[in-house]
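Here are my notes on the model, in numbered points. Please read them with the structure open.

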Amino acid sequence: MTAFAPEMMQDIRSRFAHVESCPFQGPRVFFENAGGALTLTSVVETSAKFAALPDNQGRDNPAAQALGQIIKRAKSDMACFFNPKGGQFFVGESGTELTFRLIRAAAMGTSAGRIIGSTVEHPASRSAAQHWAEHTGKPYICVPHDNATGAVSAKAYAQHMHPDVQVATILHTSPVTGIANDVAAISAAVRATAPQAFIIVDGIQHASHGRIDIASYDIDGYVVSPYKVFSRHGYGVAWVSDRMNGLPLEQLIDGPATNWEMGTRDTGAYATFSDVVRYFDWLGSRHADTQDPRQRIEAAGAVIHAHEKTLTAAMLKGTGNLPGLAELPGVTILGGVDNLMREGLVCFALDHIPAAEIVAKLNAHGIRTHIRKADHYSGNILTPLGLTAAVRVSICHYNTLEEVAALLAAMKQIAAPAS
Ligand SMILES: Cc1ncc(COP(=O)(O)O)c(C=O)c1O
């Protein structure tokens with residue numbers, strides 16, 4: 001499978017807002033998807049529709065009943081998209097907030113033992129795990145990731161496991177290296193030593209790349225941020241297993257025992273996630289001859305992956321007569337050039353031009369990327385590599401080979417020795 005054909009590409013791009021230009025900058029190539037993916041136009045319309053509605057759920061009137069049905073439908077759409085066995089979905093303030101919430105519930109709701117996580121994680125899960133480890137008196141085990149691959153392995157988890165681990169955190173894909181971790185293998189390594197552990201996965205950077213299959217992971221929690229998967233800002237989505245539902249949860253007195261939602265929900269948030277699932281369904285239907293919704297979601301994941309692979313390979317190794325990023329003098333490519341676990345993201349540094357300067361010059365060429373600094377977000381990845389900063393180029397399946405070529409042409413100029 002290669003990049004999408006031109007008509008398909010156009011069809012895909014027509015479904016998103018601000019694909020080619022930014023209301024503040026004008027025409028630009030959007031390679032800042034890891035900071036927030038493009039928004040589906042259906043999500044924009046749905047958001048406006050629901051923002052105008054005054055009604056609340058749970059009343060005896062037609063509007064309230066309709067809202068209840070929309071949430072029910074969205075939860076069923078989420079089940080198709082994430083494919084869990086049992087459990088429940090709910091929305092919260094953000095991916096970070098939900099990650100903290102799940103880790104807090106698992107840490108507070110279990111008896112003495114340890115919490116395990118890894119150095120590759122985003123601070124959302126690392127900070128939550130360390131915070132609740134300290135507050136519950138559970139020692140924190142930190143599994144080191146591999147600086148060369150930008151990933152953490154199941155073997156590394158296995159080497160650090162302890163039978164009394166009560167909570168384990170796993171990062172699905174890193175927003176700094178773009179490299180995915182083998183969640184199912186890590187979860188199996190955790191359960192081999194501590195079958196009782198509550199395993200919470202940060203899927204926030206992985207989600208837009210498709211191919212989520214919670215049933216195959218044997219985990220207890222999975223969190224995404226919808227604005228990073230074609231919906232909008234303002235909410236996060238979490239799935240929790242039936243075991244998580246059995247933990248002592250913070251609740252309204254005399255309220256339902258397994259309710260994870262706190263306060264009135266935004267029906268529009270749920271409705272926009274249905275738009276996301278409908279989009280994946282549409283994309284899958286264009287590539288697989290099946291009426292089965294889950295099979296269509298899987299087909300969408302497969303073509304997204306194939307297209308993104310084509311783009312990141314071109315970005316690294318060049319296209320036409322343009323050199324790839326990996327061929328630039330003095331370059332470091334995070335995670336290595338031939339990393340099979342790469343998902344739509346290339347992060348690089350040049351030894352002779354500061355990352356901030358590259359990002360600014362790319363902006364001047366109309367190409368939006370982002371700097372990752374060795375701060376509390378990315379220092380865990382960059383500092384061991386001896387880097388103070390790097391340039392993150394993050395794509396999604398609606399990006400094109402022409403856009404990659406524009407990046408490489410700009411980089412050829414930027415990286416050329418001053419004459
Ligand atoms: C892997 C990962 N985890 C957590 C977060 C934080 O997400 P949010 O800011 O949506 O809460 C991000 C954001 O980029 C991320 O990529």
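Which residue in β10 is the bridge partner of Val 223?

1. It is Ala 238. Keep in mind that this is a predicted model.

2. Strand β10 spans residues 236–240, and five of its five residues are buried. Both faces are covered. Gly 236, Ala 238 and Val 240 lie on one side. Val 237 and Trp 239 lie on the other.

3. Now the helix pair. The axes of α4 (residues 95–108) and α5 (residues 123–136) come within 9 Å and cross at roughly 30°. The cut-off for roughly parallel is under 35 degrees, so α4 counts as roughly parallel to α5. The crossing is right-handed.

4. What makes the contact between these helices? On α4, the residues include Phe 100, Ile 103, Arg 104 and Met 108. On α5, they include Ala 124, Ala 128 and Trp 132. By type, the contact residues divide into eight nonpolar, five polar and one charged.

5. Last, Arg 13. This residue sits in helix α1, residues 6–13. Is Arg 13 buried or exposed? Its relative accessible area is 12%, and the limit for buried is under 20%, so Arg 13 is buried. Leaving out residues up to four places away in sequence, Arg 13 touches Val 19, Glu 20, Tyr 398, Asn 399, Thr 400 and Glu 403.

Terms used: Residues numbered from 1 in each chain as written. Predicted model: local features only at pLDDT ≥ 70, side-chain atom pairs only at ≥ 80, totals over all residues. Heavy atoms only, no water. Helix = DSSP H or I, 4+ residues; strand = E, 2+ residues; numbered from the N terminus. Buried < 20%, exposed > 50% of the residue type's maximum accessible area, 1.4 Å probe, protein only. Contact = heavy atoms within 4.5 Å. Axes fitted to C-alpha atoms, helices over the stretch in contact; angles between N-to-C directions. Parallel < 35°, antiparallel > 145°, perpendicular 65-115°, else oblique. Left-handed = near helix turned anticlockwise from the far one by under 90°. Nonpolar A, V, L, I, M, F, W, Y, C, P; charged D, E, K, R; others polar. Pairing = 2+ DSSP bridges.
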